[in-house]
Amino acid sequence: MVSRRRKKKAKTLPRVTFVLIAGLFGVFFHLSGCEQFGALPSGDSYLKTQTSDNYDVANDKFVNLQQKPILTGPGFWDNPGENWNNNFFINSNQTRPEGLMPESKIPLPDDFHDSADTIKFVWLGHSTILVSMGGKVILFDPIFSNAASPLSFVVKRFQPPVIDLASLPKIDIVVVSHDHYDHLDMETIKQLRDDDISFVVPLGLGAHLEHWGVSAEKITELDWWEETQIDGLNLICTPSQHFSGRRGPYKEKRSLWASWLIKSPDQSVYFSGDSGYADHYRQIGERYGSVDVVFMDSGQYNTRWRYVHNMPEEAVQAVLDINGQLLVPIHWGMFTLSMHDWFEPPVRVLAEAARLDVKVLTPLLGQLVDISEVPKIDRWWERVN
């Protein structure tokens, strides 16, 4: 069973001290020209952002379809009534596993790319997904670094990647949802930049990739509802309810954030990226019909930022809105970015899915799934000590 041992409550820093430390880090990164920041759109890319229906020219930033605040309610250091487990700095929840999570040790087969009549995929933790469909291999939001942060000791992985980046099958397409550190990883991009790969990203995000050495000819930038065809696959940039920026509030929302619908002649997958629950899910479902597999943002949530991250029950409803046939919860199981128990997302998703009769799969890290033979639900988190 999952360990329920509670850790002693840590003493929180006084507010002034915290603000001072955060400010010093911010000044250091700004003055150092941290390479992790990437680059802002310029030239033709910037001009295209200006003509987007989703760009607020007056304020020089992209906007969501539904205007909602990123944060609501008390600040991170405030006492939210009696619920101290909802406080970022005083929190006794088990926000990371005490032991290693189980992994599939079976190597991926040589025929992983053979997917003309099916969809194969491997969950690599958090939102990193390796998908084979239409005979092509797609890597979504790849992060193979030790931490989802410019600082190697902040937001560290629970455990090393189950599959080394160099050991993955030949990758044809890399798809990125937005530029936050837990989705766009500089070191991973640098390792992939010289390979024969097409990079498909939301509008304005290509500036980061070019800054890190990816040739502009390999990059396709799309606005919401735009699409491109690559080797028989149709890649459609669809909305999400989120935000972007790698410098905190400094020059945020200069590149677009997105979800993605990928269609082959007979199969389809939807990748939510990061998103709060909003009407875009219904719009996508009405435009494109049934989706075979839905990889849905289901973790690192909180009622304070529910407008930019689904609550677990909302993730299940979103699958119904999209007309999804199989839900795979993502955005959990590798980094601590919220205050809930690390294993809470699948528990809540499965409970709501049972109520609404939605089919769910929770694979092991590194487990090969072929949707022609969907395995039974494995509550593997209950085996973590």
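Helices (H or I, at least four residues) and strands (E, at least two) are DSSP runs, numbered from the N terminus. This is a predicted model: local features need pLDDT of at least 70, and side-chain atom pairs count only at pLDDT 80 or more, while totals for chains, interfaces and linings use all residues. Residues are numbered from 1 along each chain as its sequence is written, and side-chain values use heavy atoms, with hydrogens and water left out.

**Stop 1: helix α5**

Select residues 280-288, which form α5. Its buried residues are His280, Tyr281, Ile284, Gly285 and Tyr288. Buried means under 20% relative accessible area, exposed over 50%, and partly exposed in between (1.4 Å probe, protein chains only).

What do the buried residues of α5 pack against? They pack against β9, β10 (233-238), β11, β12, β13 and α6. Contact here means heavy atoms within 4.5 Å. Step on to Gly289, which follows α5 and has a positive phi, near 75 degrees.

**Stop 2: the six-stranded sheet**

Next, show β9 to β14. The 6 strands form an open sheet in the order β9-β10-β11-β12-β13-β14, with mixed pairing. Two strands pair if DSSP finds at least two bridges between them. At the edges stand β9 (227-230) and β14 (327-330); each has a single partner strand, so one side of each is left without a neighbour in the sheet. On average, neighbouring strands of this sheet are turned by 15 degrees against each other, direction ignored.

Zoom in on β11 (residues 259-263) and β12 (residues 268-271). They pair in the antiparallel sense over 4 bridges. Pick Lys263: its bridge partner in β12 is Ser268.

**Stop 3: helix α6**

Axes are lines fitted to C-alpha atoms, for helices over the stretch in contact, and angles run from 0 to 180 degrees between N-to-C directions.

Why is α6 described as largely enclosed by the rest of the structure? Because 8 of its 11 residues are buried. Among them are Pro312, Glu314, Ala315 and Asp321. The buried residues of α6 pack against β12, α5, β13, β14 and α7 (344-356). Just after α6, check Asn323, which takes a positive phi of about 70 degrees.

**Stop 4: the nonpolar cores**

Select Phe295 and Met296. They have the most contacts inside the largest nonpolar core, which has 68 residues. A nonpolar core is a set of buried Ala, Val, Leu, Ile, Met, Phe, Trp, Tyr and Cys residues joined through side-chain atoms within 4.5 Å. The largest share of this core, 5 residues, comes from α6.

Show what surrounds Phe295. Leaving out residues up to four places away in sequence, its contacts include Phe121, Ile129, Val131, Val269, Phe271, Val328 and Ile330. A second, separate core has 26 residues, including Val174, Leu192, Leu209 and Val214.

**Stop 5**

Move to β5 (residues 136-140). With 4 of its 5 residues buried, β5 is largely enclosed by the rest of the structure. β4 (residues 129-133) and β5 pair in the antiparallel sense over 5 bridges. Ser132 has Val137 in β5 as its bridge partner. The hairpin of β4 and β5 has 2 residues between the strands, and Gly134 takes a positive phi near 55 degrees in that hairpin.

β5 also pairs with β6 (residues 173-175), in the parallel sense over 3 bridges. Look for Phe140, which stands opposite Val175 in β6.

**Stop 5: two buried loop residues**

Select Ser255, in the loop between β10 and β11. Ser255 is buried, with a relative accessible area of 3%. Which side chain does the side chain of Ser255 meet in a polar contact? It is that of Asp179, at 3.4 Å. A polar contact is a pair of N or O atoms within 3.5 Å; within protein, one must be able to donate a hydrogen and the other to accept it, and residues adjacent in sequence count only if both atoms are side-chain atoms.

Finish at Met101, in the loop between β2 (61-62) and β3 (119-123). Met101 counts as buried, at 3% relative accessibility. Met101 and Phe158 are 57 residues apart in sequence, yet 8.2 Å apart in space, C-alpha to C-alpha. Met101 touches Phe158, and its other contacts include Trp342, Leu365 and Trp380, not counting residues up to four places away in sequence.
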